[in-house]
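Okay everyone, thanks for coming.

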Amino acid sequence: MKKQGIIIIVIILILVVATFAFINRDKFAAPENQNTNNAQVSEEYKNLQTNDDYINAIDDTLNYIS
Amino acid sequence: MKRTIIILLMFTLLASAVYAVGSGEIPRASPSPTIEEKKIDCDSLSLRVDRIKCRLKYGAKEENVDYDVRVPEACRTLRNPTACIALYKNVQQNRCYEKTVTEKDRCFKTLVGFSGNKTEESARNYMILLLYGIEERIEDANEAGTVSDDKAAEIIDLIVDIKQDILDGKKRADIVIKLNELRQKLGSIK
């Protein structure tokens with residue numbers, strides 16, 4: 001009886017963890033996906049970190065202005 | 001007895017699942033009070049550079065401004081400022097400036113439609129957002145004490161000037177001159 005109870009509790013705990021992981025799967029997967037996305041879009045999207053990055057992005061965009 | 005234990009355990013499982021769902025999003029704190037809320041009327045000042053300096057001094061950062069109350073400086077001189085104000089509201093609502101590096105650029109480009117078939121209008125709007133990004137950086141540097149109020153106001157005033165030229169449909173040659181001036185001013189605060 002005691003042994004059965006312990007087994008049930010362990011199963012329940014596993015289910016709780018699995019449920020939590022499933023519900024929050026996007027958060028857990030985010031860093032990996034983000035890196036993949038960044039690698040894929042690095043050509044298209046600019047790294048806007050410094051003032052020079054912004055100015056260079058503006059310079060590039062000027063080509064679309066008459 | 002056995003059935004009661006199982007029911008209790010099932011209840012615990014459900015409660016944990018509900019808790020997990022509920023804790024998915026943490027509500028954000030509302031933005032800090034704006035200059036309007038502090039009842040300091042920088043808008044009444046006649047010179048733009050003075051208005052900018054006043055807002056810097058009293059901590060009314062652009063990102064916290066309620067654009068239903070105050071028209072952005074760059075939109076003020078336009079004959080029809082509606083689209084310009086909408087652009088500012090849109091970028092504020094989408095929190096583009098809180099995003100980092102490429103995600104920020106992605107946010108800008110998505111908002112103004114500067115991807116795929118790039119039009120001149122989308123390019124001009126994209127440039128407005130990039131200039132706004134520099135403005136934000138200057139405000140942050142001013143807040144951190146690395147750039148003085150006078151210098152920050154001078155640079156932001158020039159940024160607003162360039163934004164007005166872009167929104168007014170000025171030619172590339174006119175914009176480039178002021179952009180070079182901005183580049184020099186930014187270089188002086190490194």
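Contact here means C-beta atoms, placed from the backbone, within 7 Å. Helices are DSSP runs of H or I, at least four residues, and strands are runs of E, at least two, numbered from the N terminus.

Quick housekeeping. This is a predicted model, where local features need pLDDT of at least 70 and side-chain atom pairs count only at pLDDT 80 or more, while totals for chains, interfaces and linings use all residues. Residues are numbered from 1 along each chain as its sequence is written, with chains lettered from A and ligands numbered from 1 in the order in which they are written.

Back to our pair. H4(B) and H5(B) pack at about 140 degrees, with axes 9 Å apart; axes are lines fitted to C-alpha atoms, over the stretch in contact, and angles run from 0 to 180 degrees between N-to-C directions. That makes H4(B) oblique to H5(B), so not under 35 (roughly parallel), over 145 (roughly antiparallel) or 65 to 115 degrees (roughly perpendicular).

Which residues of H4(B) are buried? They are B:Lys104, B:Asp105, B:Phe108, B:Lys109 and B:Val112, where buried means 20 or more other C-beta atoms within 10 Å of a residue's own. They sit on the same side of H4(B), because their arc around the axis is only 130 degrees, going by directions from the axis to the C-beta atoms. Part of their cover is helix H5 (120-143) of chain B.

Zooming out, chain B has 7 helices and 0 strands.

Definitions and conventions: A residue is buried if 20 or more other C-beta atoms lie within 10 Å of its own, exposed if 12 or fewer, and partly exposed in between; C-beta atoms are placed from the backbone. Two residues are in contact if their C-beta atoms, placed from the backbone, lie within 7 Å.
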